[in-house]
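At each stop, select the residues named and look at their surroundings before reading on.

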Protein chains: 2
Amino acid sequence: MTGYATLIGIVIGVSLLGLAVAALLAMWVLRKDRGSEAMQKISNAIRQGAEAFLRRQNRTIAVLAVVVAGLIFLGYGVLRNHRDFDPVGSSLELAMWITISFVFGAACSMFAGYVGMWISIRSNARTAHAALSSINKALRIALRGGAVSGLLVVAMSLLGVAGLYALVNAFSSVEVVGKIPMLIVGYGFGASFVALFAQLGGGIYTKAADVGADLVGKVEAGIPEDDPRNPAVIADLVGDNVGDCAGRGADLFESTAAENIGAMILGASLAMAADKAGLGFSAGIVGVMMFPLIARAFGIVASIVGILYVHMDKEEKIDPMTALNRGYYVAVVLALAAFGGATYWLLSSDEAPDAWWHFFLCGIIGVATSVAFVYITQYYTEHKYRPVKSIAEASQTGPATNIISGISVGLECVAIPVVVMSGALLGSYFLGKAAFPAAAGVNAGLFGTAVATMGMLATAAFILAMDTFGPITDNAGGIVEMSQQPEEIRRKTDRLDAVGNTTKALTKGYAIGSAALAAFLLFQAYMEEVLNYSGGEGTIFPVDLAKPVVFVGALVGAALVFLFSSWAIRAVGRAAQAIIAEVRRQYAHLPRQNEMIVFPDDFEPEYGACVDIVTKSALRRMVAPGLLAVLGPIGLGLLFKWLFVTDTDPLISAEAVAAMLMVGTIGGILVALFFNNGGGAWDNAKKYIEAGAFGGKYLTAADGSTIKNPTHSAAVVGDTVGDPFKDTAGPSLHVLIKLLSTITLVMAPLFL
Amino acid sequence: MTGYATLIGIVIGVSLLGLAVAALLAMWVLRKDRGSEAMQKISNAIRQGAEAFLRRQNRTIAVLAVVVAGLIFLGYGVLRNHRDFDPVGSSLELAMWITISFVFGAACSMFAGYVGMWISIRSNARTAHAALSSINKALRIALRGGAVSGLLVVAMSLLGVAGLYALVNAFSSVEVVGKIPMLIVGYGFGASFVALFAQLGGGIYTKAADVGADLVGKVEAGIPEDDPRNPAVIADLVGDNVGDCAGRGADLFESTAAENIGAMILGASLAMAADKAGLGFSAGIVGVMMFPLIARAFGIVASIVGILYVHMDKEEKIDPMTALNRGYYVAVVLALAAFGGATYWLLSSDEAPDAWWHFFLCGIIGVATSVAFVYITQYYTEHKYRPVKSIAEASQTGPATNIISGISVGLECVAIPVVVMSGALLGSYFLGKAAFPAAAGVNAGLFGTAVATMGMLATAAFILAMDTFGPITDNAGGIVEMSQQPEEIRRKTDRLDAVGNTTKALTKGYAIGSAALAAFLLFQAYMEEVLNYSGGEGTIFPVDLAKPVVFVGALVGAALVFLFSSWAIRAVGRAAQAIIAEVRRQYAHLPRQNEMIVFPDDFEPEYGACVDIVTKSALRRMVAPGLLAVLGPIGLGLLFKWLFVTDTDPLISAEAVAAMLMVGTIGGILVALFFNNGGGAWDNAKKYIEAGAFGGKYLTAADGSTIKNPTHSAAVVGDTVGDPFKDTAGPSLHVLIKLLSTITLVMAPLFL
């Protein structure tokens, strides 16, 4: 029996260590030189735009969150009557804990996103300046800047769960310790609520600015990308920060929070069942329930070592990606070793001596799945392989065939990930199931899938550091370009920027893989919860698709994914049109020759106006898809409760909601893969052509003049179409999947 | 008690009447004038191409069907052991009946497709010629030509089911009459097996020719659409016949066949349950089981009257669509009246006097659903409404925004149909459930959904006539264009062609709506069958998504839809490239001026070469997606049987297959709606611009010269992308959905 105090002490201690390291890394980054005045000027403009957007976005989200918190409190405390099986003694106490955890989760998620952006907009110019002297320095600044956000997100999510747990344990009237996780599920919902709007708002912002700047700048005015004469160019650079850093930070924060709580619920339920069957774990119920948090704490330590290990060779000849990969593998190996230790420590049972290593194998499956996803993403989005090549080839017959072949690649790329996910899910389930002797009647299969998820998430801090690395190097490249540094420096930042593109694609693959594996864990947590609140513990609660009401729930879940994606994509289109109108307004008075703009030397575009317009537009347009995602599941649950719940079938609404959740998740995973990989493939098909394939960017005409290569123009169309796919709709779907889980977890008692 | 002989007599009698009317209509059409020599020459070229393709396609499909028939026989007769609950006494007899019905279904489906095309390629020139004198004449020839195919398909499908039933009843060793439908499920599988390849092959053919002809003709050579100098133009016209007529004929044949059998299975099971509960239907078990066939027979009569009623006003001023609609409403009203009569006659129960009108209401729900789908399709694909307008508007900023906004419309358009389907499903389920007093314990809810499906399909013959009307008028327009008739005649055929485009879109909406409603019916038939073959009659067989194995089945089902769509779309792209290469070869030796081809007066393109290439290409490329659809579900079922079936969970593989079927169907419905409506909206956005919106096809430059309108060019890109969506992938998905049902129905016993 391992004591509660020891366990919670370790978790809180390691979380604080993670925060301390994040603070040290931040100070290390901030001590670096901010670069020349020209660099600082651009960096400041980016910083102001990003901070202004995030401030306004957070204000909007805060208002929405307060309304939702109020509704949760009303729903639990007033509308719903207390039942015997509730974890605490009164409706009001239940309402209070769930509302507190919601508000706390929302606040933490908002803070995580803010800090991610805060450090990123301060690392960009420092990375640019460091590139003047050495790639190694630039690489380390960018990665450590990213690591601030990565460590902070993971440590804070852990600290929040552990802190809430300790709070509830100390002050609530809960009697069964295994029911504590049910009181803190609001934390996950709060986190994903904020993450959804942050990812939507940031995603719409970044792609509206990107598409708008490209269409009006390159196409209409004929000026190159990142040209300072384009009034939308600062908005574009701001977008990288608010979309990729702030959005992704909030996203990963909620992932880890929701999955920790889900795994705790399953662990508690398994430990109780094992106790009953006389196969109790030596670490006790609390030990098993705390296992997810301990495993994650060890993962933080492993990630810190990995991050600090990253460096280039002395001559700076190796690919910077190789340097990152080496650090990643250090983190993976350490995390695996620690994982093995944690399973042996907390998941051993004297009566079932094989249990712990079965769970350890589940963890290895999780890690292997994350590696597999990384390779699959590379196959579908790198120009070395067939898919991207086929798109580039199809561009020769124009934009229509480019689009057709990109959509075909996007639709195809779901197959292998589905096979990998299925294998991981079934493998960890049956390994977990075999952990206890069959005769004992204890099924640890579901907990096996939870352990696999924990394995996959062990190195989340490192992955997130690599993800934030992307926009930092992207911005650094933009700053170097706009401050007109020598060609040689640009080549250095280009090398880093290319690595950043790769890491961004890889983390998307990782995010969707972990979402898929975690989804099953969260379904089960939902089912456990429904059984708990309905007093049916130990009975079976099937999600029977053959019932018409349940089937309709499933159908609605899938349709929700389509409608949500449609609105997210449309928002980008509309916001981009607002940008285009503004740039046209600024260009309207300029002199023209042959319908081409002749820029006067003293032309100073108003960057601020574009930033302002896209800020307003993104904030307005994120509301509709966000509310759809939040209100859809709640509305369905309440409507079906009102229409179909009878004494003979009291769980029918909860069952329909479960089907909506599961099939919505399946749809979300597939559609997100389609968006992410399709968009990535289009992007790289364009880059492949720009690198010289199929004639490159320009051709030489018969008379010797340089003309645009129509193959490249066709590929640009695909790239533009792919932008909102891969950076708005896809990432927002990651959040949607988790939001569906956390929202149903929190709302389940109201559907009964 | 209504006698078996009377019922089967009525069904067979009406089917023969339908065939006789089809023959009379065919003779009526064939007596019309075939037009001028120029018209006949073009029509003959189309006929030869279409017949050659269909001959070769049918040969390929026949080979595949024979292999599958052999496998079915082996699977049932040799590999599977006889069980006590089997409907007949020996494995070999079971194998024989199922194989016979498969072969018979396949042969009928092939024949139905062939006849549809046969009459269509003979009606086109006659319609063109009739247009010289009067729209009314042309309209009636085209519709009646279409009706030959419509009546034949529906009557033959009915005759086949009834005939097989009579055959089994007379010669097999089956003892329980309610188990007969289980012996003839092979009929539906055979029909959908052929329909899948027919729709895939035809769909790839028609769009490869269309896209190829457009890209190389319009874009590269700068000649207008349907220009006789384009070597691919005849292949394009052939495509309309083999894709829309032959493919759709086989598709609707299998729909009606599979749904009839499914409804019979549910009817038999309900009637047996009602008997047990002492609430027996006055028409007996046979009466209820035969109800679907009787309802369909009455529907044929109603459709005949409606078809014959269609005519223009004397001055030919009304919209031809109005004339069609009037005929349709006549058919609907008659069908409803007959439906009411049939429910009163066969679904009355003395002990449950309210039963029959509950079922009648279910039928009305079915009819209302089909009407709703027609309106929804119009909203999303007609230029009068927001969706198409928004695409046209977005074309102003180029092809990328055109594509983004089209995809957004396509993703959005699933929402309302899902609400309508859900309402229809739940409405008919609960109406059916309330048909018997609650205390009796007889749940007729599922049969209620079956009756709604029958209501929706009542006017199938009329709908199919309108569908085939499309390619006939399309071809007639092409013939008028190519034989260079006066402008005034072209205007007439244009009016008909526009109506044909509308009817084609509407029937797609109808097809997906009926597929959705029918899907639930077929799931239930599958569940009944599994219970029957496993000896678990009367017990519950939940499809529990919360089991990992079942969840993986669901995931694979959804992924199958994506992969299948990807391969179908890619096939079009590849086959189009083959066409482009061939046209370039034919143009290679032509003289050029300023890189533009100067056609010599005596230039005679080799149409045959293009027809030949696209024929080969379509046949080769239909195999992979077709086999994926057939082998995927079988492979999953057998693999899961081998891996997971244990004594404690003997149905786990059947359960996972059920989840695959259901979630695959959900995915198929949504993705098909996306493809159909997205493609239709792109098409009409282009037409809207061609009609003058946003500047029309050409603009006037500053110097007075005519230049291409870039908005129109952008819309053309969307139209081309939409082609394989709406005419290859979408319609193939309709068939895939049904194939999943029929294949699992037939293979279910092998997964136990």
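Begin by selecting B:Glu606, which counts as partly exposed because its relative accessibility is 45%. Bear in mind throughout that the model is a predicted one.

B:Arg585 belongs to helix H17 (residues 548-587) of chain B, while B:Glu606 sits in the loop between strand E2 (596-597) and helix H18 (607-621), so the pair ties together parts that are 21 residues apart in sequence. B:Arg585 is partly exposed as well, with a relative accessible area of 45%.

In general, side chains of opposite charge can pair when their charged atoms come close.

For the next stop, select B:Glu412 and B:Arg386, whose side chains form a salt bridge of 2.9 Å, N to O. Here, too, distant parts of the chain are linked, for B:Glu412 is in helix H12 (residues 399-412) and B:Arg386 in helix H11 (residues 386-394) of chain B, 26 residues apart. Is B:Glu412 buried or exposed? With a relative accessible area of 9%, B:Glu412 is buried, whereas B:Arg386, at 34%, counts as partly exposed.

Then go to B:Asp683 and B:Lys687, where the salt bridge spans 3.2 Å from N to O. Both residues lie in helix H20 (residues 652-690) of chain B, four residues apart, which is about one turn of the helix. B:Asp683 is buried, having a relative accessible area of 13%, while B:Lys687 is partly exposed at 32%.

Moving to chain A, select A:Asp683 and A:Lys687, which belong to a network of salt bridges that also links A:Lys207, A:Asp210, A:Lys508, A:Asp723, A:Lys726 and A:Asp727.

Together with B:Tyr526, A:Tyr526 has the most contacts inside the largest nonpolar core, a core of 584 residues. If you set aside neighbours within four places in sequence, the residues in contact with A:Tyr526 include A:Ala654, A:Leu661, A:Thr744 and A:Phe751.

Another place to look is A:Thr343, found in helix H9 (residues 320-346) of chain A. A:Thr343 counts as buried because its relative accessibility is 0%. Which residues does A:Thr343 touch, not counting those up to four places away in sequence? They are A:Phe291, A:Ser348, A:Trp356, A:Phe359 and A:Phe360.

For a contrast, select A:Val63 in helix H2 (residues 37-79) of chain A, a residue that is exposed, with a relative accessible area of 53%. Along with A:Val67, A:Leu71, A:Leu74, A:Val78 and A:Leu79, A:Val63 makes a nonpolar surface patch of about 600 Å².

The same surface serves both copies, since 98% of the contact residues of chain B recur in chain A.

Terms used:
Residues numbered from 1 in each chain as written. Chains lettered and ligands numbered in written order. Predicted model: local features only at pLDDT ≥ 70, side-chain atom pairs only at ≥ 80, totals over all residues. Heavy atoms only, no water. Core = buried A, V, L, I, M, F, W, Y, C linked by side-chain atoms within 4.5 Å. Buried < 20%, exposed > 50% of the residue type's maximum accessible area, 1.4 Å probe, protein only. Contact = heavy atoms within 4.5 Å. Helix = DSSP H or I, 4+ residues; strand = E, 2+ residues; numbered from the N terminus. Patch = residues over 30% accessible without salt bridge, like charges linked within 9 Å, V, L, I, M, F, W, Y side chains within 5 Å. Areas by Shrake-Rupley, 256 points an atom, 1.4 Å probe, with all protein chains shown as cover. Salt bridge = Lys/Arg side-chain N within 4 Å of Asp/Glu carboxyl O.
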